[in-house]
Amino acid sequence: MPLLPMTKLELGHRGEAWEPGCLRAVVGELLFTFLFVFVGVASTITAGKAAGGADEASAVTAAAMAQALVVAVLATAGFHVSGGHLNPAVTLALAVGGHITLFRSALYVVAQLAGSSLACLLLRCLTGGEATPVHALADGVGPIQGVVAEAVFTFTLLLVICATILDPRKAAPPGTGPLLTGLLVGANTVAGGALTGASMNPARSFGPALATGVWAHHWVYWVGPLAGGPLAVVAYELLFMDVDDAGGAHQPLPQE
């Protein structure tokens with residue numbers, strides 16, 4: 001029975017941790033999140049150097065393209081292993097939708113944070129201690145505004161995941177859901193560059209903060225995504241999901 005009304009939260013049990021499928025999935029989340037953050041942060045460093053600080057728009061666009069590509073590729077690669085979450089907000093949202101237990105979700109989040117931290121610590125060593133880019137609020141953007149912005153960006157992310165991956169009636173060709181998700185991440189990164197940096201992912205923000213020791217407004221990058229993601233899943237299932245009646249999908253108009 002769900003733990004909360006209007007959700008499908010299931011607690012799970014400790015025995016899940018020793019199931020071979022769960023172990024593989026947790027290791028997969030650690031590895032794929034490590035690669036995602038390593039490439040994402042490295043691309044941000046490279047884009048900043050290439051722009052030389054003179055063309056911030058070009059740096060943001062380049063970083064967004066890298067984010068889109070790495071999310072699309074790694075989410076696809078990890079889909080059959082763990083679901084390719086790479087993101088605590090995605091994991092919590094899918095738990096709310098009943099796609100994963102809370103116990104396994106907790107293991108996923110620990111693995112994601114560990115993968116992100118290892119990636120940023122390794123990058124710090126490889127760059128000779130160079131400062132790792134940390135998500136930060138833009139000038140004139142307050143913490144509450146940042147939370148709302150992150151919630152909206154993450155809401156759109158999970159809405160796309162629901163529509164292109166989880167919904168049995170999805171119109172997207174098989175296997176294209178992660179690609180479309182990656183494209184949305186890229187678009188949000190461009191849109192959020194002047195606000196919060198559009199993290200949409202607490203793990204993506206956690207690693208750089210840990211590596212640099214810069215925690216200013218770090219909570220914004222937890223509260224926003226962890227509110228927006230589950231809200232999107234609940235909204236989509238209440239408003240659009242119709243697993244029992246495929247007739248709820250759009251039907252072509254009759255021809256004269």
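**Largest nonpolar core.** I looked up which members of the largest nonpolar core touch the most others, and found Phe-36, Leu-157 and Leu-158, out of 40 residues. A nonpolar core is a set of buried Ala, Val, Leu, Ile, Met, Phe, Trp, Tyr and Cys residues joined through side-chain atoms within 4.5 Å. Buried means under 20% relative accessible area, exposed over 50%, and partly exposed in between (1.4 Å probe, protein chains only). The model is predicted: local features need pLDDT of at least 70, side-chain atom pairs count only at pLDDT 80 or more, and totals for chains, interfaces and linings use all residues. Residues are numbered from 1 along each chain as its sequence is written, and side-chain values use heavy atoms, with hydrogens and water left out.

I then listed the elements that give two or more residues to this core: α1 (20-51), α2 (56-78), α3 (88-96), α4 (102-126), α5 (143-166), α6 (177-192) and α8. Helices are DSSP runs (H or I, at least four residues), numbered from the N terminus. α1 gives the most, with nine residues. Apart from this core I noted another, of five residues, among them Leu-137, Val-141, Val-147 and Tyr-221.

**Leu-158.** I recorded that Leu-158 touches Val-90, Ala-93, Gly-229, Ala-232 and Val-233, not counting residues up to four places away in sequence. Contact means heavy atoms within 4.5 Å.

**α7 against α8.** I read an angle of about 170° between helix α7 (residues 202-212) and helix α8 (residues 220-239), with their axes 9 Å apart. α7 is therefore roughly antiparallel to α8, a term for angles over 145 degrees. The axes are lines fitted to C-alpha atoms over the stretch in contact, and angles run from 0 to 180 degrees between N-to-C directions. From α7 the contact takes Pro-202, Ser-205 and Phe-206, and from α8 it takes Tyr-221, Trp-222, Pro-225 and Leu-226. I sorted these residues into six nonpolar, one polar and no charged. In this sorting Ala, Val, Leu, Ile, Met, Phe, Trp, Tyr, Cys and Pro count as nonpolar, Asp, Glu, Lys and Arg as charged, and the others, Gly among them, as polar.

**α7 and its ends.** I found nine of the eleven residues of α7 buried, including Arg-204 and Phe-206. At the start of α7, a side-chain oxygen of Asn-201 comes to within 2.9 Å of the backbone nitrogen of Ala-203. Just after α7, Gly-213 has a positive phi of about 80°.

**Loop to α8.** I located Ala-216 in the loop between α7 and α8. Ala-216 is exposed, at 54% relative accessible area. Ala-216 and Ala-136 are 80 residues apart in sequence, and their C-alpha atoms are 7.5 Å apart in space.

Key: Parallel < 35°, antiparallel > 145°, perpendicular 65-115°, else oblique. Polar contact = N/O pair within 3.5 Å; in protein donor to acceptor, adjacent residues only side chain to side chain.
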